[in-house]
Structures are given as C-alpha cells and as structure tokens.
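Please open the model in a viewer and keep the selection panel at hand.

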Amino acid sequence: MSQEPVDMSLANVMDSIALNGSKDLLKKFHWAIKKVVDADRQDDEKEEGKEGGLTQDELIQLIRAWEPKRDIMCLYVRWARQLRRNFNLDSIATLLCLSRQCDYTPVDFLRKVKMLSVYKNQQSSYGVAFQFDVPNRHDINKERLHKEFIGLSVTLALLQEQVTNSASILGKTGMRHRSPRIAIPIPICMDKDNAKNDATANVVTHPTVEFHTQSSLLNRIWISIKHRWLSLHITEHLFREPNASWLYQDALVFSFQMMAPCGPSRFEFLSPLAGYCLQFQTQESIEAKRSRLRSIWNDPSLFLSYGNTCLTHFSADAKSRIIIACFQDLLSEIPANSKQISYHRDQSLIRRWTILRAYVFHFWLDAASNSSLKATVTRVTNSTAFGKKKRKADQGCHHTQPTSMQVNQSSRSSTVPRSQVSCEKDSTSSKKQSSAGGLQSIISTRRTPPDPATTTPDQHQGTTHVVLDGKIGKTSKNDTLLSSLNTALKDCPIKNATWTSFRLITADELNRYVKSYLVINRLDGMDVVSELSPLEVYSANNLHDLFHCRLTGSVPFYPRGAIGQIYLTILQEADCFIDTLAKSFHVAREQSEIFVEHAHQLPSMQALLSLCKAVTLHGTVDSKRAIGQYRVNLGNGGQNWVKGAPCALHGLQFAKNLEKDGTYNVTEVLHTIGRLAEFTWKIMCSFQNEANDHPIAPDYFRRQLYASHLNKYLNMDAEVGFEDLTLVVSLLHPISHDVTKHKDTMNDTVAGYTRTGAFNLVMINDDEAIPSIIHFQVLCNFRRVIGHYVVPFHKYLSPVAKHAREYFARWHRSIHAVYAGKADQVPCTNDRSPFFLDDSLEYSLIAISEEGKHKQSISSEYILTEVGISRTLSLSMFIDPLVNLQHHLKFDQTIELAFACSFLSNPFWFDWTMSTLIPRHNNPNDPFEFGLHPFYDWSRTTVEIFGTWQGGPYNRWSPCGGSKETVIETFGAQPRATRDERRLGE
C-alpha cells in the first residue's frame with residue numbers, strides 16, 4: 001500500500017495547531033507566518049545580490065533543523081524534570097547546546113553572537129532597560145542567526161506544547177498561584193481517534209512536568225546565555241592584567257570552574273557576582289587588590305567564598321547607596337543626544353564596567369530576599385532618572401522617613417555654620433576628586449633626603465624629651481622644669497610654623513631623627529608595640545579597657561620599660577598587619593593593598609596643611625594626655641545633655657572660630673575632616689572583612705539618631721558610623737611629648753562599637769637649620785554615653801561582658817599552650833574549626849586511678865585545656881568508642897552506652913574501659929563479646945578495673961543526683977544483682 005506524502009506546509013501545521021494548540025502557540029505561529037508574508041512582499045523589491053527575508057520553505061527547514069534531536073531533548077529534560085537544580089551546570093549545558101546548533105564555539109558564541117545594549121527607559125524600574133541583540137559584525141551572518149533564533153523560538157513553543165500534553169509526560173503549562181501546589185485534573189485521552197468527552201478521563205494528581213508560561217523553555221535558555229555572558233566578561237574585567245597575555249578560552253573555563261561550589265538556584269549564582277560588583281566600584285579598586293585577585297585566578301574555588309564575603313560586608317544602606325550610584329552613573333554614560341549605548345571593546349573601560357555592574361544588579365535585585373532593597377533602589381532611581389537632576393551626594397545619603405525620636409533629636413541638633421550650606425553644594429565635585437588629588441598629592445611632596453654624611457651637626461641634634469608625671473593631669477613638681485617647659489612651648493615652631501614648607505616625611509628621614517611607638521597592654525599578657533610610619537591607619541579594639549600610650553624618643557629609642565616580657569612589635573617596614581586571632585590590632589601603611597584601594601578618598605596635601613594650621617591656632621592643649629599636643633574634638637553625645645538625651649552635635653565652636661579668623665575656607669576645612677574620617681572608616685571596614693570579624697557600628701537606628709548628624713555636618717557618606725572625632729597635632733622633633741598611659745574611658749563598650757580608628761601622618765620641614773617633624777592624627781571613636789542612652793540596660797551587662805573577655809583570654813592562652821608551634825592555624829574563640837588531635841601535641845601523663853583510693857593505679861597520656869574547652873573536647877572520648885562499635889551494635893544498644901555516658905562526671909574511665917573491651921570483642925580467639933545489653937558489659941568491667949563505676953580526676957560535668965549505688969542498682973547492674981533485679985533493670 002503506497003504511503004501518501006506528508007504535507008509540511010505552514011497551512012497544514014496551522015490546521016493541526018488550531019485544533020489542539022493553545023492561544024500562545026497560535027500567536028507564535030501567526031508571528032512567524034507574518035515574517036514569511038512580509039518576506040514574500042519584499043521579494044520583488046529586494047536588490048540583486050542581497051539576501052531576502054524569511055520564506056515559508058526556510059521556516060519549515062528551520063523547524064526541521066531544530067527538531068527534537070538528542071541535544072535539544074536532553075536540554076528539555078534537564079529543565080523540565082523535577083531534579084535538584086544546578087544553575088551553573090544548566091547554563092553550561094545550554095551554552096554548549098546552543099552554540100553547537102549555531103556552528104559556533106562557546107567562546108565565539110558569547111563574544112560575537114549577542115551584544116548587550118542599554119536604553120533609556122522611563123517605564124523601567126531603574127531608568128534603563130537592557131537588550132540582548134545580534135550585533136552588526138562583519139565576521140557573523142546576522143540574517144542567518146536571526147532566522148535561526150526565529151526557528152528556535154517556534155520549535156521550542158511547539159516542543160513544549162506537544163511534550164507537556166504528551167501521553168508519556170502528562171504535564172501542565174500555566175501560571176501557578178502563590179499557594180502550595182495542589183492536585184489538578186489531568187485529561188487522559190483514551191482513544192486517539194476519538195477526542196470527544198466520552199473518550200477522555202481525568203486524573204486528579206500532581207503533574208510531573210510543569211512550565212510557568214508558554215515561553216518558559218525559551219526564556220530559560222536565554223537567561224542561561226545571559227548569565228554565562230556576564231560571568232565571562234566579569235572574569236575578564238577582574239582578572240585580566242594590563243600588558244599581559246589573555247586567552248578567552250581560559251577565561252571561559254575559569255568562569256565554569258569558579259561557580260562549581262555555588263548553590264542550585266540562579267540567585268546563588270548571582271550573589272558572589274553582586275559581591276564583586278559592590279566591592280570593586282572602580283578600576284583603581286581592582287588594581288589595588290591585584291594580588292588577591294591573582295591568587296583567586298590561580299585557585300577558582302576561592303572565587304565564590306570571597307564574593308559572598310564581600311556581599312555580607314556591606315550593610316543594606318551601603319548596598320542601596322552603591323547600587324543607586326551605579327544606575328545613575330550608567331544613565332550619565334548615555335549621551336544626551338542618544339538613547340542607547342552598547343557593550344563593546346571600543347567603549348572605555350569604566351563604561352563597560354558600569355554596564356556590567358548594573359546588569360548584574362538588575363538581575364540580583366529580583367530575588368525575593370532583596371525585595372526591600374529593590375524597593376529602595378527603585379524609588380530613588382525613578383525619582384531622579386528623568387526628573388530634575390539631583391546631587392549625587394544627596395542620592396547616596398538617602399534616608400527613610402525618620403521616626404518621632406529621630407525627629408526630636410534632629411530638632412535638638414545645634415545650628416550648622418553658614419559655610420556648611422556651600423559645602424553641601426560643592427559635595428559632588430569635591431568627592432569626585434581623583435586619586436591624583438589625594439594620595440598622589442601627598443606622596444609627591446616627598447624629597448630625596450640628603451646624604452647623612454653631608455648633614456651638619458645641628459641637623460642631627462637629638463630630640464628634647466618632655467614627659468608628664470606618672471598620674472594623668474599632674475605635671476612634674478620641679479618648678480625649674482615647668483619654667484623651661486613653658487619657654488620651650490613658646491619657642492616651639494609648631495605655633496608659628498611655615499606650613500607651606502612642610503611635606504610628607506620619608507621612612508629614612510623619620511628613622512634618622514626620631515622613633516615613636518604606640519604601646520597597648522593587652523589583658524592576655526602580650527603587649528602590642530606598633531612603630532609609627534609616615535602614613536598609616538590603624539584599628540585597635542577595647543581601648544576603653546586596655547592601658548595604652550605613645551612613647552617617642554631619639555634614635556635608637558625603644559619603649560622596653562613600658563612593656564612586659566611578651567610583646568608583639570610591628571615594625572615600620574611591615575606594609576600591613578591584621579590580627580586574625582585576637583583581632584585586637586590592625587594596621588595598614590601606604591604601600592598596602594587596603595590603603596591604596598581607598599586612597600582616592602584622601603584630601604590634597606594643601607588641604608591637610610590648612611587643617612593642621614587651624615588645629616594649632618584654634619585647638620586646645622589637653623594636659624591629661626600630653627601638654628605638647630593641640631586637639632580639636634567634635635562629634636555626637638558630648639557632656640551636655642538636651643532634654644534627657646545626649647546632644648546631637650558638639651564641638652561646633654571650632655568652625656565658629658575659623659569663621660571669626662577670616663583666613664580659612666571653613667567649608668574646605670570641614671570637608672577635609674570628613675574625607676579623612678570617611679577614609680579611615682573604609683580602611684577599618686576592610687580590616688573587619690579581612691579578619692572575618694563582625695561589622696562595626698551595625699545599629700541602623702543608632703546611626704540615624706546620632707552619627708547621621710556628624711555625617712551631614714562633615715559631608716560624609718551615610719554609611720559612616722563614627723560618633724566622635726579628635727584631631728591631634730603634635731611635635732616629634734626637636735621636642736617630643738609622650739602621651740601618658742591611660743584608658744579611653746569615654747569609649748563605648750557595646751559589641752560593634754569598641755574599636756578605635758586612627759589616621760597618622762608625619763610631616764617634616766627641613767628648610768630651617770633644625771628640622772621640625774609634626775605628627776598629625778585623626779582619632780575616630782564611638783561614645784559610651786550614646787551606647788548607654790540607646791541601650792540603657794547595657795551598663796548592667798558590662799561586668800558580664802568583662803568576665804567573658806577574661807574567660808576568653810584564659811581560653812586563648814590555654815589553646816596556645818597546646819597548639820602553638822604545632823599547627824599553622826591555631827583555634828580561637830570565634831573559629832574552633834582547626835581543632836585536631838595527633839601525636840605532635842603536648843600530651844600530659846595523668847593518673848586516672850590511684851591505688852588505695854581506687855582498686856589499682858592507672859596512668860595514661862591526655863591533653864588538658866581550660867575547663868570549658870575540655871568539656872567539648874572530652875566528648876570525643878565518648879564518641880570515639882561508640883563510632884568504633886557502630887558496625888557491631890544496633891541503634892538501641894548504642895543508645896544504652898550513650899545513656900551510661902550521661903551519668904559520668906568525666907570521660908577517663910569510660911574511655912579506658914571501652915578501649916579494653918573493643919579489642920577483646922574483635923579478637924576471634926577471645927570468648928568475650930558484647931551481649932544484648934552492652935550497658936551491663938560496661939558497668940561490670942568498669943567495677944572490675946576501678947572498684948566502682950563512677951570516679952576519676954578532672955571532673956568536667958555535673959550529672960544528675962543520686963549516690964553511686966542507687967544509680968547502678970536502679971538498672972540491676974551491681975555485681976551481685978538477683979535475677980529479678982536484673983530483669984527489672986532490663
């Protein structure tokens with residue numbers, strides 16, 4: 001019997017679709033047919049030599065080409081079956097399948113076939129819209145690709161419609177409600193030749209395959225391609241080094257490997273990318289972290305953890321501020337006479353990085369966990385994108401509506417100087433200063449020091465050392481010394497200095513004239529000694545509870561008399577030191593990556609000199625610290641309270657004095673202070689991130705209540721949380737003044753607010769016969785009075801916190817006694833994962849049984865630590881025997897032994913007994929084996945060895961009460977138990 005030819009015309013396909021297809025599928029075919037009709041109309045008008053539009057035959061051929069072959073079917077199964085998702089593998093499979101179908105390598109498909117364009121769009125949530133188009137490139141066939149993708153969309157729609165309704169799948173396509181899935185009636189055709197109701201049956205069940213919309217498969221394919229495109233180009237921007245060879249094939253492989261540890265969902269794929277985009281806002285910040293990025297390039301498994309760490313480092317306020325600024329920067333990149341820009345290599349590096357960051361953010365914000373963040377970003381971008389342009393600084397400092405308590409505090413804040421208004425107006429231009437106006441401006445003032453052999457004797461004159469008496473606030477009783485000291489202060493060059501002649505000192509010059517050290521006496525007995533560097537930032541913890549001082553003297557001075565037998569010295573040559581264990585002290589010098597990363601925040605050298613001059617002329621001398629220091633203090637929560645609450649701002653007299661002086665630009669001075677404090681804040685945040693420590697100043701309500709006033713006053717970013725700033729200018733040479741040992745009792749003790757940050761700058765003026773060396777500091781703190789006001793019960797918990805710190809210090813010392821020198825990473829209170837036991841540790845010989853007191857003398861080697869640690873570690877002596885018996889005992893038998901352990905006050909006897917019984921049980925020549933109830937085997941053997949079942953040294957737990965005999969007799973485990981007592985016990 002001859003077979004009739006199969007009609008593959010679109011008309012025949014439309015007939016079958018009209019009978020059985022959905023409306024969405026009909027629309028898809030109508031759209032494709034319209035393309036064919038338009039092409040037929042243009043056939044007569046097309047120019048000779050040019051390729052025409054899409055014809056009917058071509059579309060049929062494309063559908064045939066996109067038939068469900070093995071690759072596309074496997075892709076469909078991957079997306080449709082209810083397997084555990086893995087977006088990284090899903091997107092890789094999608095890229096490989098699609099690129100092979102289009103006859104491109106995966107690298108060329110991502111680099112050439114599609115191009116990202118950004119459009120201005122007032123209707124969009126962020127003021128811009130992103131579109132993935134086929135570019136106009138001479139090395140690709142745009143028309144062919146366009147036709148291929150039309151055929152793909154039609155084929156996938158047909159595939160989804162047919163497979164979902166297939167008798168072998170019995171799936172469902174359609175929107176699902178927010179409520180949990182419920183069983184639905186699924187029609188089953190019982191007779192393929194008869195589609196009437198009497199030939200179908202409904203089964204109420206859960207479908208095995210479900211698509212959200214008619215275009216789900218197509219959408220997921222292109223979502224995968226877009227994310228792979230993103231990961232490839234972000235890899236290029238982060239890891240491609242200038243003037244170095246670069247292979248996109250290697251970058252693509254790296255982008256596959258770096259996401260291997262990520263979770264199954266798409267947003268777990270996006271989260272580390274968002275972390276990198278938040279952390280690296282400029283190309284300078286990327287270059288500053290080049291060594292870290294290079295280590296990640298060498299080990300792709302580090303990519304995910306570092307990106308997620310960066311993400312958690314930023315607060316919600318900081319994230320919204322950075323993301324808003326990114327979208328605004330992207331809008332500003334689009335020229336006024338254009339509606340779009342595209343991502344290609346002809347664009348500048350900063351434009352391409354801005355496009356990538358915004359593209360990542362617009363995907364990442366769609367996560368349900370980011371709904372509140374997205375609402376904040378959308379509200380600000382919509383209000384500024386197409387309306388009147390606003391200052392960028394104002395957008396970055398956007399706040400939510402304050403509460404009534406916040407409003408009251410705002411009304412109590414002191415009046416801002418008139419010059420502050422102009423400071424706010426100039427915020428955008430001043431904050432946009434490049435790094436050349438900051439760190440470069442400071443470093444460029446250095447000069448090559450003269451040869452020491454050619455200097456005159458006067459230039460090597462030693463430093464005159466002036467000290468206070470041992471008690472704070474009391475000077476020496478020697479009247480002659482006081483008289484000479486007052487004369488020295490009057491003749492000191494710091495007051496009448498030629499400030500334009502000062503420049504940044506070099507390390508060699510500083511070492512030639514003077515040595516200065518910060519000394520901190522820690523509670524654990526180890527003192528920290530940090531040598532002063534020409535340009536540095538440090539962060540110290542708990543200075544409210546630790547004695548500390550600054551000691552200075554002529555070379556070769558070292559403060560040996562102020563420290564104990566154990567001390568940590570951080571020399572000037574150390575670029576960076578981060579205490580990852582105790583987290584007590586961190587420091588970054590000008591050459592370190594952390595310092596350079598944020599160096600663009602620094603003001604110019606001219607602004608710094610103007611600020612130093614203002615501090616010396618209008619500051620005060622604090623005799624409680626050092627009589628040769630000039631100080632200016634400003635911040636929140638001073639000594640004066642307003643209506644029962646700490647004041648919002650204090651220290652405003654300094655700005656008023658500058659206005660009266662008439663020779664200063666008050667706006668510039670205040671803004672210089674703000675930039676230094678903001679720079680110190682960013683360095684401290686980086687310290688916390690690198691040390692895996694908790695964030696500083698995490699309380700948003702407290703920041704809004706107090707720190708926000710200081711931020712606005714000094715024109716700082718809204719994320720800065722400092723509440724107290726002290727500017728200090730002191731002389732190191734030819735006269736030096738020691739800072740007396742003291743505690744910062746005004747600093748806060750609430751967790752997250754215990755750190756002190758300091759910016760240090762050392763300058764020299766060697767134009768005179770005797771060089772003058774000046775030390776400038778910005779000390780940044782948090783106020784205890786604010787902590788007590790915001791958290792009023794905190795002062796009652798302070799003794800508890802103090803005792804906890806003392807316990808942690810003992811814990812730290814005990815662990816170091818065991819692990820120091822035996823491991824690269826020593827366990828600490830915040831990270832106990834490096835615990836291990838092996839023969840390299842310091843074991844002690846301990847008598848666990850003494851003859852006379854017990855049945856016999858038994859000794860063995862054990863590790864002893866602090867009681868709290870030992871309580872945890874000693875559990876291993878219970879767990880280890882139970883694990884060794886897990887293949888021999890049933891679950892209820894193991895529970896019996898665990899129950900026995902719960903009655904013991906220490907683990908020594910149980911470990912010894914089980915170590916005796918287990919080898920006997922495993923020995924085929926030994927008649928002993930554990931019985932039905934191993935509880936009785938353990939109790940009988942323990943009594944035979946030690947004379948009793950409870951005892952031993954170093955008790956670690958307090959079990960439930962009861963005498964020894966009562967507990968053992970309850971279960972009929974005593975040596976002479978009767979049959980009835982044993983039966984009741986069992």
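This is a predicted model: local features need pLDDT of at least 70, side-chain atom pairs count only at pLDDT 80 or more; totals for chains, interfaces and linings use all residues.

How many bridges join strand S10 (residues 514-521) to strand S11 (residues 527-531)? There are 5 bridges between S10 and S11, and these strands run antiparallel. Residues are numbered from 1 along each chain as its sequence is written, and side-chain values use heavy atoms, with hydrogens and water left out.

Select valine 519, then valine 529 in S11, which is its bridge partner. Helices (H or I, at least four residues) and strands (E, at least two) are DSSP runs, numbered from the N terminus. Two strands pair if DSSP finds at least two bridges between them. Now extend the selection to the open sheet, whose 5 strands have the order S14-S11-S10-S13-S23 with mixed pairing. At its edges are strand S14 (567-570) and strand S23 (739-742), each pairing on one side only. From one strand to the next, the twist averages 20°; axes are lines fitted to C-alpha atoms, for helices over the stretch in contact, and angles run from 0 to 180 degrees between N-to-C directions.

**Second stop: the largest cavity**

Next, select Arg550, Thr552, Gln629, Ser730, Leu731, Leu732, His737, Val739, His775 and Gln777, which line the largest cavity. A cavity is a set of points, on a 1 Å grid over the protein atoms alone, where a 1.4 Å probe fits but cannot get out, and lining residues have an atom within 4 Å of a point. The largest cavity holds about 60 Å³ of space, and a search of the whole structure finds 3 cavities of 30 Å³ or more. Grid points are joined across faces, edges and corners, and a volume is the space filled by probe spheres set on the points. Strand S13 (547-554), strand S21 (724-733) and strand S25 (772-781) are the elements that give two or more residues to this lining. S21 gives the most, with 3 residues.

Move to the open sheet of 3 strands, ordered S2-S1-S7 with antiparallel pairing. Its edge strands are strand S2 (128-133) and strand S7 (340-342). The twist averages 25° from one strand to the next. Helix H15 (residues 349-364) packs on this sheet and touches S1, S2 and S7; contact means heavy atoms within 4.5 Å. Strand S1 (residues 115-120) is joined to S7 by 3 bridges. Select tyrosine 119 to find its bridge partner in S7, glutamine 340.

Select helix H5 (residues 87-101) and helix H6 (residues 106-113), which pack at an angle of about 80° with their axes 9 Å apart. That angle makes H5 roughly perpendicular to H6 (under 35 degrees counts as roughly parallel, over 145 as roughly antiparallel, 65 to 115 as roughly perpendicular and the rest as oblique). Leu95, Leu96, Leu98 and Ser99 in H5 meet Pro106, Phe109 and Leu110 in H6.

Finally, select helix H33 (residues 891-901) and helix H35 (residues 934-946), packed at about 40° with their axes 8 Å apart. H33 and H35 are therefore oblique to each other. Gln893, Glu896, Leu897 and Ala900 of H33 make the contact with Pro934, Phe935 and Trp938 of H35.

Key
On a 1 Å grid over the protein atoms alone, a cavity is a set of points where a 1.4 Å probe fits but cannot get out, and a pocket is an open set with protein on both sides within 12 Å along at least five of seven lines; lining residues have an atom within 4 Å of a point.
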